[in-house]
Amino acid sequence: QGQLKIAPAAMAARCRLAARFHHIHGTNIRLDASHTQATRVESFANGLCFSQEPLAPGQIFLVEIEEKELGWCGHLRVGLTAHDPQSLEVVPEYSLPDLVNMGDTWVFAITRSHNRVVVEGGEAQARGRPWEPFLLIARVRIPRDTLVGRSRPGRYSHILDDLYKMNVLPPTARRSRIGVLYAPQPDGTADMHIVINGEDMGPSARGLPTTRPLYAVIDVFASTKSVRVIPVDYGFPSLQTLCRLVIQKHIVHRLAIDGLDLPPLLKSFCQHE
C-alpha cells in the first residue's frame, strides 16, 4: 500500500494534458492563449493560479520563473489545495494566509535561501546527487534534466558555468524551475514535496488527504511577475537531451558552443536549455 504504480507512459500523457493553468485565477493574472503562461499585470497581489486538473499521485506541476519585478518584497509561493477552483466564490487575494486559512491547503513561500526542509530537529539529507539523471521520490522517477532551470548565456556567462554544470540556480532567479507533487504513504495520507531546480526539498507537509482531488497552487506574488508551466515527460531522457549533455561536458563554458561546427538550432538548444 502507498506505493505508486503509474506506468511512465500513462504518467507522461497525463502530465502533457495537465500542464496548464486553470481558467479560474486571481484578478491581476493574465493567461496567454495556451494557458501555460501566467503574468501578474498589476500590483503585487491577486496573483493566485491553480493547475487545470487535479494532480495524480507523484505527478509534478512544474513552473519556470520568466519575469521578475523590482520593488517588491517576497517571491513565488507554491503548494497544493483540496479546494476545486470552480467551487471558490471569490479567488483569495493571497495564498498565504487567505487560501491556507480556508483549510485543506498547504502553501510555502520560496525564498532566496530556501534549501532542504528541516525534519525532526535536523537538516534533511539530500535526496539524490544533483548529477544523477533521475530524481526519485517514493517510486516515481522524474528525469532531472527537465526539472533544472539554467541561466541564459551572455558576455559573463562563464562566471556562472560552475553553477550551470552543477545544475544550480538561486531558487528565486529568472529561469529557476520549481515544482510541487504529493507522494502517498502507507497510512493512506500523502506527503507534499517541493522540488527546486532538480532537488527534492523533502516532505514540506504531511498528512494530506488522498481521498480528495489535489490541485497545484502557484501564487505569482510580489517580485515574481510571470511564470510558465513546463511539461514533464516521465521515462528515459530523449536522444536530443543526451547529445546536449555530452556536448556540454566537453566544452570550457557555454560561450565556446558558438565556435562549434553545429547547426544553429542545436547550438541554441545546448546554450539555452
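Helices (H or I, at least four residues) and strands (E, at least two) are DSSP runs that are numbered from the N terminus. The model is a predicted one, in which local features need pLDDT of at least 70 and side-chain atom pairs count only at pLDDT 80 or more, while totals for chains, interfaces and linings use all residues. Residues are numbered from 1 along each chain as its sequence is written, and side-chain values use heavy atoms, with hydrogens and water left out.

**Exercise 1.** Determine which strands stand at the edges of the open sheet of 7 strands.

*Solution.* First write down the order, S1-S2-S15-S4-S11-S12-S13, with antiparallel pairing (two strands pair if DSSP finds at least two bridges between them). Then look at the ends: S1 (29–31) and S13 (199–209) each have a single partner strand, so one side of each lacks a neighbour in the sheet. Within the order, S4 (residues 61–68) and S15 (residues 224–229) pair over 5 bridges in the antiparallel sense, and valine 63 stands opposite valine 229 in S15.

**Exercise 2.** Describe the hairpin formed by S9 and S10.

*Solution.* Begin with the pairing, in which S9 (residues 134–137) and S10 (residues 140–143) run antiparallel over 4 bridges, with leucine 135 having isoleucine 142 in S10 as its bridge partner. Finally, inspect the turn, where 2 residues lie between the strands and alanine 138 has a positive phi of about 55 degrees.
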